[in-house]
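I opened the model to look up a few points on helices and on chain contacts. My entries follow in the order in which I worked.

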Amino acid sequence: MAEPKVPVSEYGAMTGTRLQKGAVWRKVKWPIYHILVGALALLMLYPIIWMFFSSFKESRTIFTTATTLLPAEWIWSNYVTGWQGIGGYSFGHYMWNSLVIVVLSTLGVVISSALIAFGFARLNFVGRNFWFGVMMVTLMLPHDVVLVPQYIIFTKLGWLNTINPIVIPQFFGAPFFIFLMVQFIRTIPKELDEAATIDGCGKFRLFIQIIMPLIKASLATAAIFSFYWRWEDLLGPVLYLNSPDKYTVSMGLKMFLDSESASNWGGMFAMSMVSLLPVILVFFLFQKHIVEGISSSGIKG
Amino acid sequence: MRNHSLKANLTGYAFISPFIIGFLAFTLIPMFISLYLSFTSYNLFSPPRWVGFNNFEKMFTGDPKYWSSVKVTLYYVFIGVPLRLTFALFVAMILNTGSKMIGTYRTIYYLPSIIGGSVAVSIMWRNIFSEQGIVNGLLMALGAAPVQWFGDPGAALSMLITLSVWQFGSSMLIFLAGLKNISPEMYEAASVDGAHPVRKFFSITLPLLSPIILFNLIMQTISAFMTFVPAYIISKGEGGPMDGTMLYSLYLFRQAFMFNNMGYASAMAWVMLIFIGVLTLILFKTSKMWVFYESEGGR
């Protein structure tokens, strides 16, 4: 039998020494590997697992029984009291507010980023490299420096306590997504464009009918990341939303935390889990896109 | 020869116009406003008053809280980022095998990064480190004394750093993709020459990964400097205990939006911008000494 190709990490932390030719080692190698890697994975997930089980414990026993994972008695009422919410609105209300922001922002950022990316990747115009450079610098620009002036501008525009400051900037593209899509469009053969142009296809139709369908994967990646960032965003809502009626999920959770003295830990944990649910769900459904998006953005950077 | 007709230019600019407008409206103009404000005293309600370099003077000479936030942030960045990247590289190397389970492991290890920015996770972190939380439970089980994570500034900061290291996932994915690009023949050739695993790591893996390490280092450093949510949630917006979790961004936020010192906060933002800019420049410049670009050998 041919020797199987030695995995690259043969030299890795797993063995620490060169692969022995011994049959015993070959037999126990993988089980040991899986036990170690699996244990580390479990350790990584433990905080989340702990919070999950704690959300079914009675509030006052969460900390007295912190070292036992499973609840002695499963208390579902945490989810009921948590869902009833805080600040006069149900948690569902906050979920809905977040969803509105997420959907509008994501639509805006994906469409505008795709348009811009097509411009950078496929059109020739004076100053293209300059603007592309500007975009790459913006990608690395610390956001803190525009925090204060943006707040002032949005206040003067009368946008306080509306979702405008959070949603509207998304309609002007996000450098990270533009970059991701430019990389993606560049992998599409240019002959396709030329053929379409000869057939009398204008640039806009070329973009909509030929390029867009081919970059679906990167559009999906951008949409997923936009969903995460908007769903988890705290700074935007903290700055711009000031009535509980408009609060998002992160603000709802923050209110739970601020009223921690009421020690409704069970409800707070339950709603923390609820807020993570869509994120984890999307992650498991679309992880291929996410992994590819992250990996390629890094490599080609 | 490129042919830039008027029409081609107009079409090009039409497509990228959202970026240009957004850049001017939400980045460039705000940056100029911020620069101007950094030389003023401004509380949002009365017009800005020009005060010259007062804000900067106060920052550097008259505000011990500022320096303590600088110190905390530098600890956070210069301990947290290297730890995070080392851990990411370590896990990426472990996972870079032919095993069929790799996809599953990769997913699990990446999960914390996906949910890491959320308030829920910061709340979770706050609670596993609480006085009777599992971390202290574990310490006591091991025979160690429990730690007052919220009573000691150093302990509180290490709690924040652990949270950041826990989210090593995206760097790990980038490293993993990089490792896959290294051809196995390199290692085989090295094995034939009798190279040890450690030797192979230092003379093959590390040099070939160095461009990716540089990229990760820069991006992670910038984002670490701007960390806000964990510090804000874990300290309930106070930056305590004893300013132990008062990261720069949190202090800036408090100055701007709790004390309405918009001018001072703008000055803080510009100092940070310049500092990060210089740091990035230094990283790029010194990278010539340690980053290895394969293509250069052939030129």
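This is a predicted model: local features need pLDDT of at least 70, side-chain atom pairs count only at pLDDT 80 or more; totals for chains, interfaces and linings use all residues.

Entry, helix α8 of chain A. I looked up residues 191–198 and asked how many of the eight are buried. The count is zero, and I put the helix down as hardly covered.

Entry, chain A against chain B. I found 79 residues of chain A in contact with 84 residues of chain B. On the chain A side, the helices that each supply at least two residues are α1 (23–54), α3 (91–122), α4 (128–140), α5 (144–156), α10 (216–232), α11 (235–240), α12 (249–258) and α13 (265–300). Which of them gives the largest share? I noted α13(A), with 13 residues. By type, I recorded 52 nonpolar, 20 polar and seven charged residues on this side of chain A.

Entry, a helix pair in chain B. I took α12 (residues 248–257) and α13 (residues 262–290) of chain B; their axes come within 7 Å and cross at roughly 160°. From α12(B), I listed B:Tyr248, B:Leu252, B:Gln255 and B:Ala256 as meeting residues of α13(B), among them B:Met262, B:Tyr264 and B:Met272. This contact of α12(B) with α13(B) divides into nine nonpolar residues, one polar and no charged.

Conventions
Residues are numbered from 1 along each chain as its sequence is written. Chains are lettered from A and ligands numbered from 1 in the order in which they are written. A residue is buried if 20 or more other C-beta atoms lie within 10 Å of its own, exposed if 12 or fewer, and partly exposed in between; C-beta atoms are placed from the backbone. Helices (H or I, at least four residues) and strands (E, at least two) are DSSP runs, numbered from the N terminus. Two residues are in contact if their C-beta atoms, placed from the backbone, lie within 7 Å. Ala, Val, Leu, Ile, Met, Phe, Trp, Tyr, Cys and Pro count as nonpolar, Asp, Glu, Lys and Arg as charged, and the others, Gly among them, as polar. Axes are lines fitted to C-alpha atoms, for helices over the stretch in contact, and angles run from 0 to 180 degrees between N-to-C directions.
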